[in-house]
Amino acid sequence: MPTYRRHTDTWTAPEARADARSATAQPAVVIHLPVTYTAFCLQHHHAYLRYAVHRLGEGQAARSCVEGALGELVTMWPKVMGSVRPSAVAWQVLRTWVAAAGDEGEAVSPQPPSLSALQEDTVVLRHDVGLSEAVIASVMGLDEGTVTSHLRYAARVRCRARVTPSDR
């Protein structure tokens with residue numbers, strides 16, 4: 001599987017076998033990536049990894065999800081950049097990878113079931129990962145007002161869940 005090398009603009013295929021004449025193996029293929037893709041990865045990688053770690057726990061599964069999602073994005077980068085909200089497309093790709101890995105292993109328990117996936121993610125990114133609303137909006141491809149609205153709705157749902165019918 002190709003690997004993304006952070007802080008560079010290349011993806012490198014697995015190393016070719018070293019032959020008897022060569023002391024070191026050379027990469028089979030080196031692909032130079034669009035500058036926009038490299039910038040996107042540098043801007044979002046840390047938040048993506050923190051989200052995946054929260055959902056899946058520390059370890060290789062979280063890193064593999066982020067690398068896989070970014071690897072998938074590079075294959076569809078022109079389509080992503082042609083979309084109205086590239087970050088929203090990328091977020092759905094990441095969320096799909098994390099959900100698939102969570103199905104295979106033991107994932108961290110989600111928020112209350114009455115929240116949508118995007119609302120749940122905004123709560124995780126704000127309260128569990130500690131990102132600001134502006135950063136969440138950038139990472140998820142949402143308007144900052146939408147992020148604020150999701151967080152307020154989630155807070156109301158949590159308040160209602162604490163109040164049981166016998167408490168009224």
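Ring pairs (Phe, Tyr and Trp rings, Trp by its six-membered ring, with centres within 6.5 Å) join Tyr 37, Phe 40, Tyr 48, Tyr 51, Trp 77 and Trp 91 into a cluster. This is a predicted model, where local features need pLDDT of at least 70, side-chain atom pairs count only at pLDDT 80 or more, and totals for chains, interfaces and linings use all residues. Residues are numbered from 1 along each chain as its sequence is written, and side-chain values use heavy atoms, without hydrogens and water.

Me: What geometry does the aromatic pair of Tyr 37 and Trp 77 have?
Reply: Happy to look! The structure holds 5 aromatic pairs. In the pair of Tyr 37 and Trp 77 the centres are 5.1 Å apart, with 80° between the planes. Planes over 60 degrees apart count as edge-to-face, under 30 as stacked and the rest as tilted, so this pair is edge-to-face.

Me: Are Tyr 37 and Trp 77 buried or exposed?
Reply: Buried means under 20% relative accessible area, exposed over 50% and partly exposed in between (1.4 Å probe, protein chains only). By that scale, Tyr 37 and Trp 77 are both buried.
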